[in-house]
Each structure stands twice: as C-alpha cells, then as structure tokens.
Amino acid sequence: MKNDKKQNQYRVNEQIRVREVRIVGDNGSMVVPTRQALDMARQQGVDLVEISPNAQPPVCRLIDYSKFLYQQKKRAKEMKAKQVKIEVKEIRFGPQTGENDYAFKLKHAKEFLEEGNKVRAYVFFKGRSILFKEQGEVLLLRFANDLEEYGKVEQLPLLEGKKMAIFIAPKKAGVAKKSQQKMDRERREAEAREQAKQVETEKNEETDADMPANGGLLANAKISEEALKKLTEKED
C-alpha cells in the first residue's frame, strides 16, 4: 500500500493530459506539446514524468520511472540523515531538593543542552507537598537562570496535575562541546611545541658547551705547528 501511494504521487506518460509541458534536463529546459514530449520519451526508451504539476506549464522529466522513484527515495533518506535529532531529556526535582542533588542535576542538564537536546525539568508534588508549589516554581526559575548560558526558556513553569514543568531549549547545539574539544586539542599542541622547544634549547646548550673545548684543541694544534716551523727554520 505504501509503495502504491508513493508511485501515485506522480503522473506518468498518458496520465499527463495537459496541452504542453516544460521538459527539464542537464541541457536546460524547453516547452513542447505534450504529444511531442511523449514521442521523445518513447524514442529514448524512457518515461515522461511530471515532477511539478502546479507550474505553468507543468514541469516534466524524461527518465525511467523506476529510476526516478529510486532517486527520490534516496534523496529523502539523505535529507532525513542530515536532520539533527533533538531529544527531550527529563530532570525530576522534589519541592525541597537539596543543594548537592540540585548541583548534580544541573550538571547533567548542561551536558544535555551542549549535546543539542531539550530539557524538561519538573517538580513532582506528592501528597500534601502541593502546598509548596510556589517553592517549586522558584526552584525551576533558578534552574533556568543557572542554565542561561546554555539554553533559553521555551515554556515558563506550568502546573499540570501534580507536576510543574519548565522547557529549556539549547541555544546552539554542540557549540560548547566542540569548543571544549578544540581547547583540549590546542592545549596538546602547545605542550608538544613547548617540549620540542625545550629539546632544541638543550641541544644548543650542549653544542655551545663543546665549542670552547674544540676551539682550544684547534688553537693548540695551530700553535704547535707554528713552533715546529720556526724550529725547522732555525736548524736550516
């Protein structure tokens, strides 16, 4: 049934009953009588497929209909894969949540928003704790304020039955996470450069330390050579 519905989305060949159509292809487009377009399709061994029925005149392509459906399915799959999947992560509070528990849940909410997900934080009122609904609202507003750098409020605290919820959407999906990765990479590169610089410095220091000793040997050799030359001249 699904495939039949997909195939019936487009009119093909004799199903196209307008007077003229615009044929588009790699070489541009041209407007021709529909009968001529059908003859061209038969000559090429393909189909006349109407791809834009609301245009004036309707736009068609000369293509094998099965190939055309395959291309459409592939394109739809690629577009779906490129879409960012946003999930709604839930965080539950009690009306009298402690500071440690609050900090723990705040940390998770930041991670969720950094990953591009929405956060639905809610306070659950059990039994007579509904008397503390104002306290729950203050808690949720504080939560939103602490997440201001990471997300924006889509819905202010709203009481539904025993739950009061607030929705927070990410400001920019993945930006903070990517920034942290970049910072780590730059830190590693800086450390590598510093190590290389230190090795080069130590190498230069060792070379400088050897130079006076080598210079002394060369100087002594030169002096001995000159003394031997003078002694030879005297003997002559």
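This is a predicted model: local features need pLDDT of at least 70, side-chain atom pairs count only at pLDDT 80 or more; totals for chains, interfaces and linings use all residues.
Close-up 1. Helices are DSSP runs of H or I with at least four residues, strands runs of E with at least two, numbered from the N terminus. Gly 136, Leu 139, Leu 140, Phe 143 and Ala 144 of H5 are buried (under 20% relative accessible area, 1.4 Å probe, protein chains only). Down the H5 axis, these buried residues fall within an arc of 135°, so they line one face of the helix; the arc is that of directions from the axis to the C-beta atoms. They pack against strand S5 (88–93), helix H4 (99–114), strand S6 (118–124), strand S7 (151–160) and strand S8 (163–170) (contact: heavy atoms within 4.5 Å).

**Close-up 2. The S3–S4 hairpin.** Strands S3 (residues 47–52) and S4 (residues 59–63) pair antiparallel over 5 bridges; pairing requires at least two DSSP bridges. A hairpin of 6 residues joins S3 to S4. Asp 47 has Ile 63 in S4 as its bridge partner.

**Close-up 3. The open sheet.** Four strands run in the order S2-S1-S4-S3, with mixed pairing. Strand S2 (28–33) and S3 are the edge strands, each pairing on one side only.

**Close-up 4. The S1–S4 pair.** Strand S1 (residues 20–25) and S4 pair in the parallel sense over 2 bridges. Ile 23 stands opposite Cys 60 in S4.

**Notes.** Residues are numbered from 1 along each chain as its sequence is written. Local features need pLDDT of at least 70, side-chain atom pairs count only at pLDDT 80 or more, and totals for chains, interfaces and linings use all residues, while side-chain values use heavy atoms, leaving out hydrogens and water.

Technical notes
Buried means under 20% relative accessible area, exposed over 50%, partly exposed in between (1.4 Å probe, protein chains only).
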